[in-house]
Amino acid sequence: YSWLLVVVLVIGSSWNYYKCKSDRPYFNENISLLWNVTNAVYIWVNSVLLVCMVLKTTDFSGGVQLISLGIPLIILAEFFYPHPAASLLSKGIECYKTEAEMEQFLRYLSLATEAKKDRGNKILLDSYVQQHVKSCMSEQCSLTVYHKMGLKMGEAKIHTVASGKILLLSHIKDLYKKILRINPNSVDIRIRYAFFLLEYSASKTQALKQLSKAEKYRTSFDNSFVIYRYGRILQEDMTESKTQSTGVGMDAVSQIAYNNYFRQCRSKLEKAAHLHIEFWSKLNTQIPDVGQLIIIGTKISKTILEIENYWSQMQKINPNNQVAIKMYAAFLKDVLHDEEASQELSK
């Protein structure tokens, strides 16, 4: 039985290390590194134990010394092992066929948008943008616009402005939609997209819709639990938000508040549309004024945040106003070019 136990430990620890190394289930990179080191050391200990079992009839007695010698080398090897983000982002997403590779690609690309916090992320992001621009034929591509702004104002500064990050997130969102159009039954990608919407867009409604779609497909128990748990949390948060403004004697006050939010939201929608037109018209000139583009991009970012705030307040009071829904859906489709969100809102 001891032989069987040792063999099972070696095979099991090797499989566990391979899965954690390839899937990287932890979002925190430091935790991932710590877990990889732990698994690597566990494989080494089990492997030395197997060697000792094979040589137990000989005079070999250096098992403890072998383990002690190997552990520091394994830790150093894990620390200096190339990060998978470098190889993943060196190619476009169309080069990957499996869902796991696509999921990891989108994950590291999202992390790379935090370039101003990490120099390594900045280098990876710049490399990916340049490669994408070379192969992209669309002048209206978010990354093409991002690259042009970077050339005019300097790559070091483009990472620090709000309009630059909006363009990057818009590109990632388009990639998610493209993958889900090709693989609509990909539960892992839908869950990742839902978390992306929550973290970067603060869009609980769209995130919940993605989780609801993922629930229709057969998947693993872990994914089913994530879908159920986060779906319940989002539903409870949205229900609580809708009931916060209800109460006895509040109907007239709520109606006045709703009308005020509606007017403000409509005004900001018109402003955002004009700003987008102005942004693209200035960008398409022979020598774009980068300073003006940054100012307009910042205004667009601020206006969209104000629109989302007004829309959230309107949804709390009356989520079923068809006039408001059609107005906001038209904005999503015609201005932000988010046809999927517009269609889901119109249902």
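**Close-up views of helix packing and aromatic pairs**

At 7% relative accessibility, F279 counts as buried, where buried means under 20% relative accessible area, exposed over 50% and partly exposed in between (1.4 Å probe, protein chains only). The model is predicted, so local features need pLDDT of at least 70 and side-chain atom pairs count only at pLDDT 80 or more, while totals for chains, interfaces and linings use all residues. Residues are numbered from 1 along each chain as its sequence is written, and side-chain values use heavy atoms, with hydrogens and water left out.

**View 1. Aromatic pairs, with F279 and W280 as an example.** A search of the whole structure finds eight aromatic pairs. The ring centres of F279 and W280 lie 5.9 Å apart and their planes stand at 85 degrees, so this pair is edge-to-face. Rings of Phe, Tyr and Trp (its six-membered ring) pair if their centres lie within 6.5 Å; planes under 30 degrees apart count as stacked, over 60 as edge-to-face and the rest as tilted. W280 is partly exposed, with a relative accessible area of 26%. Elsewhere, ring pairs link Y176, Y193 and F196 into a cluster.

**View 2. Packing of helix α1 against helix α2.** The axes of α1 (residues 2-23) and α2 (residues 29-54) come within 9 Å and cross at roughly 155 degrees. Axes are lines fitted to C-alpha atoms, for helices over the stretch in contact, and angles run from 0 to 180 degrees between N-to-C directions. The two helices are therefore roughly antiparallel to each other; angles under 35 degrees count as roughly parallel, over 145 as roughly antiparallel, 65 to 115 as roughly perpendicular and the rest as oblique. Their crossing is left-handed, meaning that the near helix is turned anticlockwise from the far one by less than a right angle (clockwise for right-handed). Residues making the contact include W3, V10 and Y17 of α1 and W35, I43 and L50 of α2. By class, this contact of α1 with α2 has 15 nonpolar, eight polar and one charged residues. Ala, Val, Leu, Ile, Met, Phe, Trp, Tyr, Cys and Pro count as nonpolar, Asp, Glu, Lys and Arg as charged, and the others, Gly among them, as polar.

View 3. N36 is buried, with a relative accessible area of 2%. Leaving aside neighbours within four places in sequence, N36 is in contact (heavy atoms within 4.5 Å) with Y17, C20, K21, R24 and E78.

**View 4. Helix α16 with helices α15 and α11.** Helices α15 (residues 322-334) and α16 (residues 339-346) pack at about 165 degrees, with their axes 7 Å apart. They are therefore roughly antiparallel to each other, and α15 passes α16 in a left-handed crossing. On the α15 side, I325, Y328, A329, L332 and K333 meet E339, A341, S342, L345 and S346 of α16. The residues of this contact divide into six nonpolar, two polar and two charged. The axes of α11 (residues 204-214) and α16 come within 11 Å and cross at roughly 85 degrees, which makes α11 roughly perpendicular to α16. Here Q206, K209, Q210 and K213 of α11 contact E340, A341, E344 and L345 of α16. The contact of α11 with α16 has two nonpolar, two polar and four charged residues.

**View 5. The protein chain as a whole.** The chain has 16 helices and zero strands; helices (H or I, at least four residues) and strands (E, at least two) are DSSP runs, numbered from the N terminus. Buried residues make up 39% of its 347 residues.
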